Amino acid sequence: MRLLFIEDDEKLCEAVTLHLKNDGYEVDICTNGEDAEYYLSNTVHDVIILDRMLPGIDGMTILKNIRNNKMKTPVIMVTAMGCKQDKIEGLDSGADDYLVKPYDPEELLARIRALLRRPRVMEEYKILRYMDLELNTDTFIASCGQIKVSLTKKEEKLLEYFLLNKNQILTRKQILDRVWGLDNFVEEGNIDNYIFLVRRRLKALNTKVSIKTLHGVGYRMEINADD
């Protein structure tokens, strides 16, 4: 699981991050709103821990941008502003949970686990498009212009996940969790096999879209460099 921890208190950030990593999470850290916007645009996360008071772009603005961009990632807003109205404003703006400083890292971990226990469903779209590529999630048909190919259910789910997160880095763990599910045992080679199959479908479609391997990091759907 990959978390995005947005916190301007560097000492607090360091201490809490240690607890998060000890609990098995991968953690991306940023201490200001501008860096947060960069991470949100380039990497997919399973939970976002968001400080309300940040230099530059403040936490409430970031939260509203997340929801305006239709991102469904759970957000825990963390702040010293703990009055009832502050909590209401944060929750109404799209936060899934609200934690008041100072807090026990173990409580934060418990709240993260609670969010991750929620059903992990991807947004329901019938038609997904990126450049010249189109996917019908009802019929499992991908097309580019007049060329069409039929996909298996797993190929469709994999391509759907990439299309919902185009231009963003997806780790192997994220792909396993979102496409195969948290409780399914899948051998590492299965991901490679299905990535190969989806790439073959894209090649057959002659689309400008491809899936790039980022060695040691994961994969990213992007437009071919030549196009």
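Asp-46 is buried, with a relative accessible area of 3%; here buried means under 20% relative accessible area, exposed over 50%, and partly exposed in between, using a 1.4 Å probe and protein chains only. The model is a predicted one, in which local features need pLDDT of at least 70 and side-chain atom pairs count only at pLDDT 80 or more, while totals for chains, interfaces and linings use all residues. Residues are numbered from 1 along each chain as its sequence is written, and side-chain values use heavy atoms, with hydrogens and water left out.

Asp-46 forms a salt bridge with Arg-178, with 3.2 Å between the closest N and O atoms; a salt bridge is a side-chain nitrogen of Lys or Arg within 4 Å of a carboxyl oxygen of Asp or Glu. The pair joins distant parts of the chain, 132 residues apart: Asp-46 is in the loop between helix H2 (33-42) and S3, and Arg-178 is in helix H7 (residues 172-180). Helices (H or I, at least four residues) and strands (E, at least two) are DSSP runs, numbered from the N terminus. In contrast to buried Asp-46, Arg-178 is partly exposed, with a relative accessible area of 24%.

The overall picture of the chain comes next. The protein chain has eight helices and eleven strands. The C-alpha trace spans about 55 × 35 × 30 Å along its principal axes. As for individual residues, 46% of the 227 count as buried. Among contacts between residues at least 6 apart in sequence, 58% join residues at least 24 apart, a contact being heavy atoms within 4.5 Å. The accessible surface comes to about 12000 Å², and 49% of it belongs to carbon and sulfur atoms; these areas come from the Shrake-Rupley method with a 1.4 Å probe, and for residues only the protein chains shown count as cover.

The UniProt record, an unreviewed entry, lists residues 2-116 as "domain: Response regulatory". UniProt positions are given in the numbering used here, feature names are shortened, and annotations may be inferred rather than shown by experiment. Over residues 2-116 the chain is 47% helix and 21% strand, with 11 Å between the end C-alpha atoms. The unreviewed UniProt entry also places "modified residue: 4-aspartylphosphate" at Asp-51. Asp-51 lies in strand S3 (residues 47-51) and counts as buried at 3% relative accessibility. Leaving aside residues up to four places away in sequence, Asp-51 touches Ile-6, Glu-7, Asp-8, Gly-59, Val-78, Thr-79 and Lys-101. Lys-101 also takes part in a cis peptide bond to Pro-102, with omega near -10 degrees. Pro-102 sits in the loop between strand S5 (97-100) and helix H5 (105-116).

Helix H6 (residues 153-164) has twelve residues and reaches 16 Å from its first C-alpha to its last, close to the 16 Å expected at 1.5 Å a residue; the expected span is 1.5 Å times one less than the number of residues. The buried residues of H6 include Leu-158, Leu-159, Tyr-161 and Phe-162. Being three residues apart in the helix, Lys-157 and Glu-160 are separated by about one helical turn. An α-helix has 3.6 residues a turn, so residues three or four places apart point the same way. Lys-157 is partly exposed, with a relative accessible area of 31%, whereas Glu-160 counts as buried at 5%.

In total the structure holds 16 salt bridges. Among them, Arg-220 and Glu-222 meet through their side chains (2.9 Å, N to O), and Arg-2, Glu-26 and Asp-28 are linked in a network.

Met-131 has a positive phi of about 55 degrees although it is not a glycine, and lies in the loop between strand S6 (127-130) and strand S7 (133-136). Asn-167, in the loop between H6 and H7, has a phi near 65 degrees, again positive in a residue other than glycine.
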